[in-house]
Amino acid sequence: TKKKTHHNCDACGLLFPREARAEKFCSLWCAVFSRAVVPGQDDCWVWGISSLRSGHGNFRFKKKYYRAHCAAYIATRGEIPSGKQVNHHCDNPSCINPSHLYAGSQIDNMRDVSVRERSSNAKFSGNDVVE
């Protein structure tokens, strides 16, 4: 059995029980939002540490890997609805601002790609095609 000790959360300072060499944060909320650059309430809150090639933040909390935007959604709204994924209104994959996130389908996300002309596979924008 591992010895449990108490530790002050690196984000909020709350004293919480943990196993030796385990988490530095008391909650998923602290683990996510302590690592963001938050310039303003309505701006994108940019994930400040490791990210995937796609630009989405990535981290581990309590032996589970999370994409940062999904963890931000879970920490503020609860579990992601079955059959849904977390999409961005802002088109910024490193953004974890809860007001920029919504639960939607892959079809919703592809519709957003089309409407906003942000496909990484596109050779030309809509304006380029017209020109």
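A polar contact is a pair of N or O atoms within 3.5 Å; within protein, one atom must be able to donate a hydrogen and the other to accept it, and residues adjacent in sequence count only if both atoms are side-chain atoms. The model is predicted: local features need pLDDT of at least 70, side-chain atom pairs count only at pLDDT 80 or more, and totals for chains, interfaces and linings use all residues. Residues are numbered from 1 along each chain as its sequence is written, and side-chain values use heavy atoms, with hydrogens and water left out.

The chain has four helices and eight strands (DSSP runs numbered from the N terminus; helices are H or I with at least four residues, strands E with at least two). Of its 131 residues, 34% are buried (under 20% relative accessible area; exposed means over 50% and partly exposed in between, with a 1.4 Å probe and protein chains only).

Helix α2 (residues 68-77) is largely enclosed by the rest of the structure, because seven of its ten residues are buried. These are A68, H69, C70, A71, A72, Y73 and I74. They pack against α1, β4, β5, β6, β7 and β8 (contact means heavy atoms within 4.5 Å). Just after α2, G78 takes a positive phi of about 100°.

In helix α3 (residues 106-116), the buried residues are N109, D112 and V113. They lie on the same side of α3, because they cover an arc of only 100° around the axis (taken from the directions from the helix axis to the C-beta atoms). These residues pack against β7 and β8. The face turned away from the buried side carries the exposed residues I107, S114 and V115. S105 caps the N-terminal end of α3, with a side-chain oxygen 3.3 Å from the backbone nitrogen of I107.
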